[in-house]
Amino acid sequence: MNYTRRGFRLKDWRLHLAGGIVLTVVWSRPLPAEPSSVRVFTATASATGTPRVVPAQTEPLPPTGAVIGIDWGVKETATTSYAHDLPHAQHGHRSQAKLGHYDRMTARRRPKKGQAASKGYREAKKWRAKTCAKIARQHQDTARKWAKKVVRDHDAIAVEDFRPKFLAKTTMARKAADAAIGATKQALIEIGRKHARDVRLVHPAHTTMDCGSCGARTKHALPLSERTYTCTACGAFSPRDKNSARVMLVRAGLNPAGVEGARPPGALLQEAA
Ligand SMILES: [Zn+2]
């Protein structure tokens, strides 16, 4: 849960959250300044399982005069309008195999209806949770390293507002890719906000059908096998994902052609339709 300035209050070292929740905080370090936001999460695989609170401060970065558009994908987690592409990290490969192993183990040991859970079942569940947490940590680590670079080098970031659908039918590869995208998008939003950058979420509809140069929309969706986007209106052609990344820029009102001074002063995380 994320709370902005109006959603929390610190009083007598206790944290009052919107909705009448009061938490006694165990401070791991003194606060360097008045926090501007509060994030609360439970760590399932942690030893204690108690909520943790992370106070965040804004640390503005010097302006760069550069903007960037970002499109998410399976092979490349992120394709950008210029440099900064992020290939899909192969870590989690071994962990994924382990996860499948623990999945089957949990299924085998699952207690019958009305029976108490066995020690073996509880252990298998615990191991599974640990493996999940490890994969998430690896994704987060890669994501944060990349996001820091992107945020450092750009004033405004237009990013596809991707929402993964964790359907039962999707493949393991797709699930792994979606998890990587989710972690990367989250890191980008958080680090962008921390450094007071202009991060704009772009609705993902038709982003593969539009031309990043002239804005024309093709009549039919490009088949996934087609890796090159060719515009019938202006004749521009470019790799499919690069085109989508440029579409993000255009949709967010950060058109590279009109970058200098023409950029509307957008609010952080403004929804760009
Ligand atoms: Zn075009």
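User: What makes the contact between Asp241 and Arg227 a salt bridge?

Analyst: In this predicted model, the closest N and O atoms of Asp241 and Arg227 are 3.4 Å apart. A salt bridge requires a side-chain nitrogen of Lys or Arg within 4 Å of a carboxyl oxygen of Asp or Glu, so the term applies. Local features here need pLDDT of at least 70 and side-chain atom pairs count only at pLDDT 80 or more, whereas totals for chains, interfaces and linings use all residues. Residues are numbered from 1 along each chain as its sequence is written, and side-chain values use heavy atoms, with hydrogens and water left out.

User: Which parts of the chain does the pair of Asp241 and Arg227 tie together?

Analyst: Asp241 belongs to helix 4 (residues 240-251) and Arg227 to the loop between strand 11 and strand 12 (228-230), so the bridge joins parts that are 14 residues apart in sequence. Helices (H or I, at least four residues) and strands (E, at least two) are DSSP runs, numbered from the N terminus.

User: Why is Asp241 called partly exposed?

Analyst: Its relative accessibility is 22%. Buried means under 20% relative accessible area and exposed over 50%, with partly exposed in between (1.4 Å probe, protein chains only); the value for Asp241 therefore falls in the middle class. Arg227 is also partly exposed, because its relative accessible area is 43%.

User: How do you know whether Asp210 is buried or exposed?

Analyst: Asp210 is buried because its relative accessible area is 6%. Its side chain meets that of Arg217 in a salt bridge (2.6 Å, N to O). Arg217, at 45%, is partly exposed.

User: What makes the salt bridge of Glu190 and Arg144 a link between distant parts of the chain?

Analyst: The two side chains meet at 3.7 Å, N to O. Glu190 is in helix 3 and Arg144 in helix 2, 46 residues apart. Arg144 is partly exposed, because its relative accessibility is 33%. Both residues are also linked with Arg39 in a network of salt bridges. The search of the whole structure finds 15 salt bridges.

User: Which residues form the positive surface patch?

Analyst: The patch consists of Arg94, Lys98, Lys134 and Arg137. Helix 1 (93-109) and helix 2 (119-153) are the elements that give two or more residues to it. Patches are made of residues with over 30% relative accessible area and no salt bridge, like charges being joined within 9 Å and nonpolar side chains (Val, Leu, Ile, Met, Phe, Trp, Tyr) within 5 Å.

User: What makes up the largest nonpolar core?

Analyst: A nonpolar core is a set of buried Ala, Val, Leu, Ile, Met, Phe, Trp, Tyr and Cys residues joined through side-chain atoms within 4.5 Å. The largest has 21 residues, and those with the most contacts inside it include Ile70, Trp72, Trp146 and Leu188. Among the elements giving two or more residues are strand 7 (67-72), helix 2 and helix 3 (172-194). Helix 3 gives the most, with 6 residues.

User: Why is the phi of Ala83 worth noting?

Analyst: Most residues other than glycine have a negative phi. Ala83 is not a glycine, and its phi is positive, about 40°. Ala83 lies in the loop between strand 8 (76-80) and strand 9 (86-87). His84 lies in the loop between strand 8 and strand 9, and its phi, near 55°, is positive too.

Methods:
Accessible areas come from the Shrake-Rupley method with a 1.4 Å probe; for residues, only the protein chains shown count as cover. Lys and Arg count as positive and Asp and Glu as negative; His and the chain ends are not counted. The place of a charge is taken as NZ of Lys, CZ of Arg, CG of Asp or CD of Glu.
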